[in-house]
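The sequence and structure come first.

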Amino acid sequence: MHELVVETHALTKRYASVLAVDSLSIQVPRGGVFGLLGPNGSGKTTTMSMLLGLVSPTSGTFRLLGRDTRSGRQEALHHIGAIVESPSFYPYLSGRMNLRYFQGIIGRGDSIDIERLLDLVGLSSRAHSKFSTYSQGMKQRLSIAYAMLGDPDLLFLDEPTNGLDPAGMAEVRELIRHLSTEGRTVLLSSHLLHEVEQVCDRVAILSRGRLIAQGAMRDILQQRGAVRFTTTDDTRAAAIISALPWVASVTAENGYLTAEAPPERSWELTKALADQGVSVKEMAPVQVSLERYFLEVTGDDSPSAPGEAS
């Protein structure tokens, strides 16, 4: 099986004078949850739409599940499930009958799959109820069941927790983590930092259509890590540490010094201080939050606020 399930190379989409996606190159490895993170208007939905063939790229190329989409698009799409815009379920049909209807249209799986999916998304007890009686969270879970018809290898979910209350968001996050097991890959777009930090293994951060950063969540956050410590002489310690070329800043707050530096280089901080006769009394790594990292690399001060289409 191909190691990468999505590869884009300089993928670009322009609408008249608006550059929605600007030379985007990302690599999504097989397995786990990969997040496309960015404020509304950053190009997340446009990127997904190009990958699914709903929108034609202006330029650039991409591969899905190891297949060149110029010749193998249909074969690739047969192994992909997606929610980019919520399916138009029939309000007067039950959840079960809605899935059977769409299953007949796309020709994937059989009736046993319907029951399995209803159980998977926690709707077995309400499968007979009309769609119009479903809560927003139930409707979203039915949409995910729809995307799972045919047991796809790759699942696209565009803002899957939009409009949900906190309980509904938690349910969908737990479901997404479950769906990413057994070799399946979930490509998730979101403008909610907390959601991405909780559910994603890897992330690509977009801003104004451009890629700002991508990689494993842990690696990205460690790039902006910090070390908090106290010493026998904090004033001298701050001056010594500030002079190190790989330390971005040193601040004093609540009786502690905090050096913005990779936590794995803590021993070098200790040695630099000891060489100058300053002893460390206490030291601990401080991992930067995804929110702080996001604000630093994008300059966006309201990543979770509603705004223009993404």
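This is a predicted model: local features need pLDDT of at least 70, side-chain atom pairs count only at pLDDT 80 or more; totals for chains, interfaces and linings use all residues.

Helices (H or I, at least four residues) and strands (E, at least two) are DSSP runs, numbered from the N terminus. Residues are numbered from 1 along each chain as its sequence is written, and side-chain values use heavy atoms, with hydrogens and water left out.

**The loop residue R184**

R184 lies in the loop between α6 (166-179) and β9 (185-190). Its relative accessible area is 10%, so R184 is buried (buried is under 20% relative accessible area, exposed over 50%, partly exposed in between; 1.4 Å probe, protein chains only). Contact means heavy atoms within 4.5 Å. Leaving aside neighbours within four places in sequence, R184 is in contact with G31, G32, M148, D151, P152, D153 and L179. A polar atom of the R184 side chain lies 3.0 Å from the backbone oxygen of P152.

**Nonpolar cores**

In soluble globular proteins, nonpolar side chains tend to be buried together. A nonpolar core here is a set of buried Ala, Val, Leu, Ile, Met, Phe, Trp, Tyr and Cys residues joined through side-chain atoms within 4.5 Å. The largest has 45 residues, and L37, L142, I144, L157, I176, V186 and L188 touch the most other members. Not counting residues up to four places away in sequence, I144 touches I83, V121, L157, V172, L175 and L179. Another core, of 26 residues, lies apart from the largest one; L51, L65, A76 and I80 are among its members.

**Aromatic pairs**

Rings of Phe, Tyr and Trp (its six-membered ring) pair if their centres lie within 6.5 Å; planes under 30 degrees apart count as stacked, over 60 as edge-to-face and the rest as tilted. By this rule there are 8 aromatic pairs. Two of them are tabulated.

| Pair | Centre to centre | Angle between planes | Class |
|---|---|---|---|
| Y90 and Y92 | 5.8 Å | 50 degrees | tilted |
| Y101 and F102 | 5.3 Å | 80 degrees | edge-to-face |

Y90 is partly exposed at 29% relative accessibility, and Y92 is exposed at 55%. Y101 is partly exposed at 36%, whereas F102 is buried at 12%. Ring pairs link F89, Y90, Y92, Y101, F102, F131, Y134 and Y146 into a cluster.

**Charges over rings**

A charge sits over a ring if NZ of Lys or CZ of Arg is within 6 Å of the ring centre and within 35 degrees of the ring normal. The charged end of R265 sits over the ring of W246, 4.0 Å from its centre. K13 lies over the face of Y15, at 5.1 Å from the ring centre.

Definitions and conventions:
A polar contact is a pair of N or O atoms within 3.5 Å; within protein, one must be able to donate a hydrogen and the other to accept it, and residues adjacent in sequence count only if both atoms are side-chain atoms.
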